[in-house]
Amino acid sequence: PAQVSFTLELEFSCSVLLDHAEVMLQATSDSTEATPQDNVVKLFVPIRYEPNLFLSSNTNLHRYEVHPLGAFTHSSGPEFTTTVKVQNLGCYPIQNVTLHMALPALGHHQATILSVTDVLAENATCVLQLPDEGTQVFPVPPEDLLHMDR
């Protein structure tokens, strides 16, 4: 018995979205065969499109003054805006995209180092969730930065 193996590579159009592909393979021969019914196979393959998401962020504040331990002021620091953009670079529509962001909020001795004052959204629904009472919040530990060049 002879055996032939081959690979099918299919390319789908961006203009027509399919949820599956059907392929029928049939082997024929000039010879007489006792069981020709096993010469046909139908393949049903579900199609899943790979997303091509691009995530970028930009902020208007690129440096921030850090005070030594014990020298915290209780006034709020400079306000800064961070813009996060999620773009679909692929040609297939994407649904139910969820982006979770965890922001550092507590420093040494539970000092508040960041508080969100406003959330603006375009083409999205944003929900600001504060930690529940039972949620354990890990403060950012103090770090000695004297050995750092920058």
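Leu8, Leu10, Phe12, Ala21, Val23, Leu43, Val45, Pro46 and Ile47 line the second largest pocket of this protein. The protein is seen here as a predicted model, in which local features need pLDDT of at least 70 and side-chain atom pairs count only at pLDDT 80 or more, while totals for chains, interfaces and linings use all residues. Residues are numbered from 1 along each chain as its sequence is written, and side-chain values use heavy atoms, with hydrogens and water left out.

A pocket here is found on a 1 Å grid over the protein atoms alone, as an open set of points where a 1.4 Å probe fits, with protein on both sides within 12 Å along at least five of seven lines, and its lining residues have an atom within 4 Å of a point. The space in the second largest pocket is about 160 Å³, a volume being the space filled by probe spheres set on grid points that are joined across faces, edges and corners. The lining of this pocket divides into nine nonpolar residues, with no polar and no charged ones; Ala, Val, Leu, Ile, Met, Phe, Trp, Tyr, Cys and Pro count as nonpolar, Asp, Glu, Lys and Arg as charged, and the others, Gly among them, as polar. Strand 1 (20–26) and strand 2 (40–46) each supply at least two residues of that lining, and the largest share, three residues, comes from strand 2.

Turning to the fold, the protein has zero helices and four strands, which gives the pattern β-β-β-β when read along the sequence; helices (H or I, at least four residues) and strands (E, at least two) are DSSP runs, numbered from the N terminus. Of the contacts in the protein with a separation of 6 or more, 54% are accounted for by residues 24 or more positions apart, where contact means heavy atoms within 4.5 Å.

The accessible surface of the protein comes to about 14700 Å², and 53% of this belongs to carbon and sulfur atoms; such areas come from the Shrake-Rupley method with a 1.4 Å probe, and for residues only the protein chains shown count as cover. Of the 150 residues, 5% count as buried, which is to say under 20% relative accessible area, with exposed meaning over 50% and partly exposed in between.

Which cysteines does the disulfide join? A search of the whole structure finds one disulfide, a pair of cysteine sulfur atoms within 2.5 Å, and it joins Cys14 to Cys91, with 1.8 Å from S to S. Because Cys14 lies in the segment before strand 1 and Cys91 in the segment after strand 4 (82–88), the pair ties together parts that are 77 residues apart in sequence. The link of Cys14 and Cys91 is left-handed, with -60° about the S-S bond.

The segment after strand 4 also holds Asn96, Asn123 and Gly90. Asn96 has a positive phi of about 55° although it is not a glycine, and Asn123 likewise has a positive phi of about 55° without being a glycine. Gly90 and Glu50 are 40 residues apart in sequence, and their C-alpha atoms are 8.4 Å apart in space.

The table lists the relative accessibility of several residues.

| Residue | Relative accessible area | Class |
|---|---|---|
| Cys14 | 40% | partly exposed |
| Cys91 | 36% | partly exposed |
| Cys126 | 45% | partly exposed |
| Gly90 | 29% | partly exposed |
| Asn96 | 76% | exposed |
| Asn123 | 86% | exposed |

Key. Buried means under 20% relative accessible area, exposed over 50%, partly exposed in between (1.4 Å probe, protein chains only).
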